[in-house]
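Hello! Here is the structure I promised to pass on to you, and my notes on it follow just below. Please have it open while you read.

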Amino acid sequence: MSLTDLLTPEAVIPALRVNGKKQALQELAAQAAKLTGLDEREIFETLLQRERLGSTGIGDGIAIPHGKPEKLDRLVGLFARLERPIDFEALDGQPVDIIFLLLAPETAGADHLKALARVARVLRETSMLEKIRATRDPAALYALLTGPAAASHAA
């Protein structure tokens, strides 16, 4: 599985303006609803439930909020670069400026975990993070996330 299986060019937000974690999750839920046709509120509630278990801020300014909303039939990713970092209650206490939302069908099982691991491996690569943080163009961000460099880091 590569990030091209999860991400479409329309699912890349190059400069999301939010003031906090809850607003970020609301904005991402709204975008995910447009991509999936699912109810925005249901996606938001699914994400909030997961965050109550513990923050999906994994460190290094990265968060990977995820959940399994009802009626979803495929894995869906949504990438956002934030205009400015926000507190996400991350494991390392650092603010977050890179968010990769991952939604999976309730029946996804191991595929959901594989997708989470793949996203984490790609985003934790230092040179990749530097390029992502330096890029404002949505097409260039999509190319970075789905291109050969991402594939080699994810292997």
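**What I found**

The largest nonpolar core of this predicted model has 54 residues, and Phe 79, Leu 123 and Ile 132 have the most contacts inside it. A nonpolar core here is a set of buried Ala, Val, Leu, Ile, Met, Phe, Trp, Tyr and Cys residues joined through side-chain atoms within 4.5 Å. Buried means under 20% relative accessible area, exposed means over 50%, and partly exposed is in between (1.4 Å probe, protein chains only). Strand S6 (residues 96–103) gives the most to this core, with seven residues. Helices (H or I, at least four residues) and strands (E, at least two) are DSSP runs, numbered from the N terminus.

A word on the ground rules: residues are numbered from 1 along each chain as its sequence is written, and side-chain values use heavy atoms, with hydrogens and water left out. Because the model is predicted, local features need pLDDT of at least 70 and side-chain atom pairs count only at pLDDT 80 or more, while totals for chains, interfaces and linings use all residues.

**Two helices side by side**

The axes of H4 (residues 126–134) and H5 (residues 138–146) come within 10 Å and cross at roughly 170°. Axes are lines fitted to C-alpha atoms, for helices over the stretch in contact, and angles run from 0 to 180 degrees between N-to-C directions. On the H4 side the contact is made by Met 128, Lys 131 and Ile 132, and on the H5 side by Leu 141, Leu 144 and Leu 145. These residues divide into five nonpolar, no polar and one charged; Ala, Val, Leu, Ile, Met, Phe, Trp, Tyr, Cys and Pro count as nonpolar, Asp, Glu, Lys and Arg as charged, and the others, Gly among them, as polar.

The buried residues of H4 are Met 128, Leu 129 and Ile 132. Seen down the axis of H4, they fall within an arc of 100° (taken from the directions from the helix axis to the C-beta atoms), so they line one face of the helix. Thr 126, Glu 130 and Ala 134, on the other side of H4, are exposed.

**Some single residues**

His 112 belongs to helix H3 (residues 110–124) and is buried, at a relative accessible area of 8%. Not counting residues up to four places away in sequence, His 112 touches His 66, Lys 68, Leu 75, Leu 102 and Ala 104.

Gly 67 sits in strand S4 (residues 66–67) and is buried, with a relative accessible area of 8%. Its contacts beyond four places in sequence are Thr 46, Leu 47, Leu 102, Leu 103 and Ala 104.

Finally, look at two loops. Asp 60, between strands S2 (57–59) and S3 (62–63), has a positive phi of about 60° although it is not a glycine. Asp 60 is partly exposed, at 41% relative accessibility. Glu 89, in the loop between strand S5 (76–86) and S6, has a positive phi near 55° and is exposed at 54% relative accessibility.

Enjoy exploring!

How values were computed. Contact = heavy atoms within 4.5 Å.
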